[in-house]
Amino acid sequence: MGVEAKPNCNFSALGGTSPHEADDARYRQYRAEWEGRPRRFEAGAFPVHLDLEATSRCNLKCTFCDKLPFLPREKLGDMDFGLFGRILDEGREHGLCGLKLSYRGEPLLHPRIADMVRKAKDCGVIDVYFNTNGMLLTETMAAQLMDAGLDRVSISVEGTDANAFEAARVGAKFERIKANAARLIELRERRRLDHPKVRIQTVALPGLDLTAYAAYWSAYCDQTAAIDYKDPATLPEQAREAPGWACPQPWQRLTIEWDGTVHPCNNDDQARALVGNAREMSIAECWRASCVEGLRHLHRAGRSHLAEACAGCPWRAAQVAKAQADVGHQP
């Protein structure tokens, strides 16, 4: 069997309606590119999607966070709106389809987050969204985001136990997040809008009953979902070193930090594969940079384990281990 790059292979919908079930030709074409490019190993002239870090600052101190606790103070900040505007203007020229306004940090801390959403929609971006911890999603903020045209939002909540949740997400309030999510849905319905679509999602932690999770949170969102759990400490070495696996990201997206630093994916936490800086390079140049093309070549050939940035990627190793387990369970 040949090497495959499978889109969304670390994501599972648990219940509700997918935000991607849109009866619009342009939207369907966007999702066809998202799904089709990695399957065809085709990058095109420009990414389908950008992960753009509105801010690297956060209002919580989660015990499980593998990004923010290791950032030096000088790496904490908000994206300058001038840089954001230049990136989106280029995106308009190239037909950018998707934009996520989060990477590390809490996007609602950016003082111009609603303006960023509005600028993206004015530039023709079809799918504008972000992940949030939900603490700052007040009625005023929700109204501003709706007015700006936010397409969807994902609220991250682990489990259904308030005490366990607050112990892990230090600074979060379980009931406040529930209230904010409920108010967002109520405000949308009162305004008779179809946006933003709301997803509540969790990491599929060991021991978490996902059926019970979906049932609990279904009243507060349009869709519940789970992201595969990846713990680098428990991944087998053979999974880290195994050949034959390809990641979909090099054909779909680029990640841009608040200061303009560009990564070829959103899992390069150790900055092993830096492309350049969006203050000095165009996004089109970053997309076709030799280092990114080199990564694509290795993934296409089933040799992703030879790329320094990819060999240590827990997401890659988790998917390899999952595939190995599936083969082992076959009769």
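Why is strand S5 (residues 127-132) largely enclosed by the rest of the structure? The points below begin with this strand.

The model is predicted, so local features need pLDDT of at least 70 and side-chain atom pairs count only at pLDDT 80 or more, while totals for chains, interfaces and linings use all residues. Residues are numbered from 1 along each chain as its sequence is written, and side-chain values use heavy atoms, with hydrogens and water left out.

1. Strand S5 is largely enclosed because 5 of its 6 residues are buried. Buried denotes under 20% relative accessible area, with a 1.4 Å probe and protein chains only. Strands are DSSP runs of E with at least two residues, and helices are runs of H or I with at least four, numbered from the N terminus.

2. Strand S4 (residues 98-100) runs parallel to S5 and is joined to it by 3 bridges; two strands pair if DSSP finds at least two bridges between them. Leu 99 has Val 128 of S5 opposite it. Between S4 and S5 the chain passes through helix H3 (residues 113-122), in a right-handed β-α-β crossover. Right-handed means that, with the strands pointing away from the viewer, the path from the first strand over the helix to the second runs clockwise.

3. S5 is also joined in parallel to strand S6 (residues 152-156), by 4 bridges. Here Thr 132 stands opposite Ile 155 of S6. The β-α-β crossover from S5 to S6 goes through helix H4 (residues 139-148) and is right-handed.

4. The strand order in the open sheet of 10 strands is S1-S9-S8-S6-S5-S4-S2-S10-S11-S12, with mixed pairing. Strand S1 (11-16) and strand S12 (276-277) are the edge strands, each pairing on one side only. S1 pairs with strand S9 (residues 223-227) in the antiparallel sense over 5 bridges, and Ser 12 has Ala 226 in S9 as its bridge partner.

5. A search of the whole structure finds 3 cavities of 30 Å³ or more. A cavity is a set of points on a 1 Å grid over the protein atoms alone where a 1.4 Å probe fits but cannot get out, and lining residues have an atom within 4 Å of a point. Grid points are joined across faces, edges and corners, and a volume is the space filled by probe spheres set on the points. The largest cavity has a volume of about 150 Å³. It is lined by 15 residues, of which Cys 247, Cys 265, His 299, Cys 310 and Cys 313 are the closest to its centre.

Conventions: Buried means under 20% relative accessible area, exposed over 50%, partly exposed in between (1.4 Å probe, protein chains only). On a 1 Å grid over the protein atoms alone, a cavity is a set of points where a 1.4 Å probe fits but cannot get out, and a pocket is an open set with protein on both sides within 12 Å along at least five of seven lines; lining residues have an atom within 4 Å of a point.
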